Amino acid sequence: MNQNNPINKFAHFDSSNFPQIHVRFQSTINHIDEYNQFEKDWLECYQQNKHFYFIFDISNVGYVNPIYTYYLTLFIQDLKARNLKLLDFSIIIVHNWYIKQLLNGIFEIQKPVSTVYIVEKTNLQLNELIQDIHSNNVKDKIDKIIIKK
């Protein structure tokens, strides 16, 4: 999505397996323009007017200035106000305690747009998890997954 943009991207959106949209993140956000591009790319996912889900791979992310968590809470609030209802769920792959704490803080301040499954990168069977989510069978793995609604 918007691949010709000269802005360095903090997040790369890949919709080649739509309705799965895989979002891979770099190690950090270097400038507010990168964050703004992230929001624009996210909003572009709604343009097909079809249901979709995100796989956010933030396992490479290190330190992120906490101000971006504030911006993200505002963005989530804006998404909810738009009442788009096309995002079915999100899986967030995390491998960093600090980032996991930022995520928990974000979702304490602002509930997510749809159900979010936060999983550790280690021993992750992504396709199996997606199948379990679609078949409403995630309960069996609750000790390995943090669910935010």
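Reader: Tryptophan 42: buried or exposed?
Author: Tryptophan 42 is buried, at 7% relative accessibility. Buried means under 20% relative accessible area, exposed means over 50%, and partly exposed is in between (1.4 Å probe, protein chains only).

Reader: What kind of model is this?
Author: It is a predicted model: local features need pLDDT of at least 70, side-chain atom pairs count only at pLDDT 80 or more, and totals for chains, interfaces and linings use all residues. Residues are numbered from 1 along each chain as its sequence is written, and side-chain values use heavy atoms, with hydrogens and water left out.

Reader: Ok, rings. How many aromatic pairs are in the whole structure?
Author: The search finds 21. Rings of Phe, Tyr and Trp (its six-membered ring) pair if their centres lie within 6.5 Å; planes under 30 degrees apart are stacked, over 60 edge-to-face, and the rest tilted.

Reader: Why is the pair of tyrosine 35 and tyrosine 71 called tilted?
Author: Their planes sit at 40°, so the pair is tilted. The ring centres are 5.8 Å apart.

Reader: Which parts does that pair tie together?
Author: Tyrosine 35 is in helix α1 (residues 32-44) and tyrosine 71 in helix α2 (residues 67-82), so the pair ties together parts 36 residues apart in sequence. Helices (H or I, at least four residues) and strands (E, at least two) are DSSP runs, numbered from the N terminus.

Reader: Are those two tyrosines buried or exposed?
Author: Tyrosine 35 is buried, with a relative accessible area of 4%. Tyrosine 71 is partly exposed, at 29%.

Reader: Back to tryptophan 42. What does it form with phenylalanine 54?
Author: An edge-to-face aromatic pair. The distance is 5.0 Å centre to centre, with 70° between the planes. This pair links distant parts of the chain: tryptophan 42 in helix α1 and phenylalanine 54 in strand β3 (residues 52-57), 12 residues apart. Phenylalanine 54 is buried, with a relative accessible area of 0%.

Reader: New topic. Where is glutamine 48?
Author: In the loop between α1 and β3. Glutamine 48 is partly exposed, at 39% relative accessibility.

Reader: How far is glutamine 48 from proline 19?
Author: They are 10.0 Å apart in space, C-alpha to C-alpha, and 29 residues apart in sequence. Proline 19 lies in the loop between β1 (11-17) and β2 (20-25). The peptide bond from phenylalanine 18 to proline 19 is cis, with omega near 20°.

Reader: Last one. What is phi of lysine 85?
Author: Near 55°, a positive value in a residue other than glycine. Lysine 85 lies in the loop between α2 and β4 (87-94), and is exposed, with a relative accessible area of 63%.
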